[in-house]
Amino acid sequence: MTKSALAVEDVTKTFGGTAALTNVSLRVEPGEVHALLGHNGSGKSTLIKVIAGYHRPDSGTIEVNGHAVRYPTSALSLKDFGVSFMHQDIGLVPTLSILENLRIGRLQTGAMRHIRWSNERKTVSRLLASFGLDVSPDTPVSRLSASERSVIGVVRAFQDVSAEGSSGDQGLVILDEPTAALPEEEKKRLFGVIKQVAARGVGVLLVTHHLEEPLQFADRVSVLRDGRLVASDDVSIHDYESLAELVVGRSVEKSVKVSERNLADREEIISVNNLSGLVLDSVSFSVRRGEILGLTGLMGAGHEELPFLLYGAQKPNDGSVSVGGKPFVPDPVRARRHGLAFISGDRIRAGGVLSASIAENVTLPVLDSAVGKLRWLRSRQEDSIVQSVLKEFRIKLSSPHLPFSTLSGGSQQKALIGRWVGCSPNILLLQEPTAGVDIGASQDIIAILREFANKGGTVIFSSEQYEDVASLSDRVLVFRGGKIAASLSGAEVTTENIVSSSYGKFQTAGTGA
Amino acid sequence: MISLNKDSKKDRGKPKPNSAVSLGGGVGEEFHGTVPSSRSMAMSSPKEFFRHYTVVFALIITIIVFGILRPKTFLALSDIKTILTGQAALFALALTLTVALGAGEIDLSVGGVLGFSSVLIAYLSSVKGMSVEFSLLISFVVILAVAAVNSYLIVKVQVNGLITTLAMGTILDGLSQAVSNSSTIGNIPSRILKIMQGRFLGIGLPFWYAVMVGIVIWYVLHHMQSGRFLYFTGEGREAARLAGIRVDRIRTTSLFVSAIGAWFAGFILVGQTGAAQAGTGDPYLLPAYAATFLGAATIKPGRFNPLGTFVAVLLLAVGTTGLQLFGLTDWVTNVFDGAILIVAIGLATLVGR
């Protein structure tokens with residue numbers, strides 16, 4: 001009988017008076033992919049921090065690969081036990097090459113301590129090839145797309161425990177939301193690799209929001225709710241609904257398609273002619289008032305760049321746009337005057353300002369209305385704006401004057417969407433509105449956008465969450481290679497159609513796998 | 001190894017404001033139905049209160065300590081008036097620098113600008129015999145040109161601002177030597193002396209000018225939309241740009257403000273000392289930074305704020321004066337200012353946690 005890769009026994013952890021974890025026991029066996037599901041605030045991240053030695057449990061024990069974790073512990077000693085983490089922000093150095101990022105700390109040296117670059121390059125090339133990655137080891141990480149970076153991060157986590165783990169190839173890899181930025185195609189490739197490595201005897205703990213992932217890719221699944229483990233089962237006995245019920249604690253239906261809306265008689269609010277820039281190549285389309293247009297495709301197909309270009313966050317190379325019949329040269333300052341609002345998918349850099357307060361972030365675009373005599377900002381006015389946004393969009397917090405960083409990811413996203421909806425724009429442009437947020441927040445966001453459209457607003461959003469695209473959109477433009485490959489509307493808007501048109505001619509091979 | 005500390009990715013080397021609830025997972029989140037409208041929420045606990053007023057307490061403690069050790073000399077009212085008057089140039093410089101730092105711009109040329117403007121004013125009015133108005137106007141325009149070059153390079157061409165302004169400061173130091181012929185220019189017209197050597201409530205007028213500048217800055221930064229936009233530009237430039245804020249304009253303006261502040265500080269020095277020479281600005285650079293960074297750790301922790309800067313300049317001034325009363329000479333000032341800058345940055349980091 002081999003030792004468990006991870007054995008959590010009866011762990012309890014409280015912060016102040018709040019119990020974050022109550023008597024949690026969890027085992028990850030070598031060779032299995034074990035998914036850990038849970039809402040934001042379910043204790044998922046606390047558990048990971050306890051395993052990482054960042055928090056000391058109040059009671060209970062943790063063993064990894066048979067070694068008891070003692071507190072305080074260091075990252076280094078965990079490494080010696082054959083544990084590797086990949087956190088959401090991956091932690092790659094952008095200015096260094098893939099090779100350097102992967103091999104730093106374990107470069108082989110020869111005589112006079114020189115680095116054997118050719119050997120290293122071969123090792124890394126082989127590693128990358130085994131993951132189906134067609135990139136040169138010398139590519140700087142800064143040139144990689146977000147999802148390629150995730151892949152490299154996972155590759156690195158694996159090599160840390162598997163390649164030279166030497167001690168009988170046992171190890172534990174903990175992946176915290178590895179797919180947050182990944183489209184379907186990348187997910188499949190990534191999980192293919194994860195399974196392959198698990199098959200070599202490494203235990204994988206996969207922390208995720210996405211209920212489909214354990215169903216498709218994991219062997220076992222555990223669910224945390226309110227700090228307690230409510231299930232730890234073989235995946236085979238579960239389906240989407242049963243997992244959702246465990247996570248949320250009540251039965252939820254998958255967000256359902258609203259009844260088809262007839263928008264043919266509405267006027268066109270925005271029309272785009274031969275827009276080019278970044279990877280986009282002569283894209284033309286128009287959108288009506290009250291319409292929800294989904295933009296999708298495989299990673300890098302160009303759909304994610306369209307809202308960015310339309311808003312003028314970067315200057316398009318060519319083409320013309322008109323809004324409400326008037327020509328519009330994309331530029332963020334002008335865009336606002338034309339009634340456009342943009343919520344970036346890059347939430348860390350271009351979302352809210354984390355160090356500023358929640359209130360300041362929420363009122364930013366609507367500050368005009370709080371300007372009083374002598375241009376003095378009336379704080380009472382500001383407070384009432386904040387209050388109405390927080391209430392309307394059901395954002396939980398203890399004080400609006402705390403930093404924005406104290407909000408959970410889902411609440412941040414709701415606050416950012418809410419603040420723009422609050423200044424009633426004509427057109428809402430969004431990138432990945434539901435990526436990386438928990439299922440509750442994601443349903444709230446979908447409801448907010450629908451409500452906005454029902455009131456006559458136009459929504460244009462890019463997303464690779466195909467199910468969300470299908471359930472939210474009146475019409476979907478599917479991109480391939482910077483061009484619109486398909487336009488789906490009405491009854492054609494289904495997840496299956498979106499996926500198959502994303503893959504284009506490969507559709508039969510792609511959907512079977 | 002990848003850090004699991006969620007806070008680490010948010011920290012981009014800048015001081016963070018109060019993160020009393022740091023469990024990003026939402027364990028500490030509680031919905032109250034209605035939002036508490038009081039701004040004091042963030043300062044409800046005594047610990048929070050102390051965090052906001054660390055530097056104020058330090059100032060009070062410093063005064064008490066020196067007051068006990070040297071009761072006669074230190075607590076004499078005239079001494080406090082002398083301190084305030086003597087630090088007027090630093091007040092003006094540090095307060096305007098707060099604006100540039102708030103917008104995320106580090107302007108190291110302010111020392112050079114200060115020195116050059118004082119030499120230029122003295123040279124034009126004394127050596128060249130121009131009228132006071134004309135001397136001030138010309139020096140002002142020259143400094144505007146300097147600010148224009150700084151901001152063109154930093155904002156438009158996107159050159160590293162730290163290096164650009166460091167180089168600009170050195171250029172201006174050289175020009176000051178050229179203009180003054182490396183000697184002291186005296187014989188300053190009495191009208192300039194009058195503007196700067198008058199007193200109100202026993203304190204030199206330059207201090208009051210600086211206070212007025214401070215009030216304007218406080219009003220704009222804390223109570224106007226432009227101030228909010230400025231802080232957002234400094235703390236999240238891309239996010240601010242995508243929210244439709246004209247970040248380039250704000251950055252440019254902030255660099256003009258710091259240059260004009262330095263020009264004014266130079267003007268103050270000429271008037272107070274009745275003379276000008278090259279290199280007078282350099283000793284002001286470090287204290288100005290020490291004060292702004294120390295100020296960012298208090299009143300509104302995590303943000304460069306004028307009130308904090310004001311208190312911090314006072315602490316610097318009281319501290320050095322006190323030490324000098326013990327017979328310690330000039331070198332003390334440098335050691336003290338340098339130490340304060342390090343403490344300030346350390347404090348800002350700790351307070352931000």
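I take axes as lines fitted to C-alpha atoms, for helices over the stretch in contact, with angles running from 0 to 180 degrees between N-to-C directions. Helices (H or I, at least four residues) and strands (E, at least two) are DSSP runs numbered from the N terminus.

This is a predicted model, in which local features need pLDDT of at least 70 and side-chain atom pairs count only at pLDDT 80 or more, while totals for chains, interfaces and linings use all residues. Residues are numbered from 1 along each chain as its sequence is written, and chains are lettered from A and ligands numbered from 1 in the order in which they are written.

I looked up helix α8 (residues 132–156) of chain B against helix α14 (residues 247–273) of chain B: their axes come within 9 Å and cross at roughly 145°. I noted the crossing of α8(B) and α14(B) as right-handed; a crossing is left-handed if the near helix is turned anticlockwise from the far one by less than a right angle, and right-handed if clockwise.

I then listed the residues in contact (C-beta atoms, placed from the backbone, within 7 Å). On α8(B) they include Phe140(B), Ile143(B), Asn150(B) and Ile154(B); on α14(B) they include Asp248(B), Arg251(B), Phe256(B) and Trp263(B). By class, the contact of α8(B) with α14(B) has 13 nonpolar, four polar and two charged residues. Here Ala, Val, Leu, Ile, Met, Phe, Trp, Tyr, Cys and Pro count as nonpolar, Asp, Glu, Lys and Arg as charged, and the others, Gly among them, as polar.

**Content of the chains**

I recorded 17 helices and two strands in chain B, and 18 helices and 20 strands in chain A. Of the 353 residues of chain B, 50% count as buried; of the 513 residues of chain A, 52% do. A residue is buried if 20 or more other C-beta atoms lie within 10 Å of its own, exposed if 12 or fewer, and partly exposed in between, with C-beta atoms placed from the backbone.

For contacts between residues at least 6 apart in sequence, I found that 78% in chain B join residues at least 24 apart. In chain A, residues 24 or more positions apart account for 69% of the contacts with a separation of 6 or more.

**Strand pairing in chain A**

I count two strands as paired if DSSP finds at least two bridges between them. Four strands of chain A form an open antiparallel sheet in the order β12-β11-β14-β15. β12 (280–288) and β15 (326–328) of chain A each have a single partner strand, so one side of each is left without a neighbour in the sheet. The twist averages 20° from one strand to the next.

Within this sheet I checked β11 (residues 268–277) and β14 (residues 318–323) of chain A, which run antiparallel and are joined by five bridges. Ser271(A) has Ser322(A) in β14(A) as its bridge partner.

I also followed β1 (residues 6–15) and β4 (residues 59–64) of chain A, an antiparallel pair with five bridges. Ala7(A) stands opposite Glu63(A) in β4(A). β4(A) also pairs antiparallel with β5 (residues 67–68) of chain A, over two bridges. Two residues lie between the strands of the β4(A) and β5(A) hairpin, where Asn65(A) takes a positive phi near 45°.

**Confidence in chain A**

I read pLDDT as the predictor's confidence in each residue, from 0 to 100. The mean for chain A is 80, and 89% of its residues reach 70 or more.

Note on methods. Contact = placed C-beta atoms within 7 Å.
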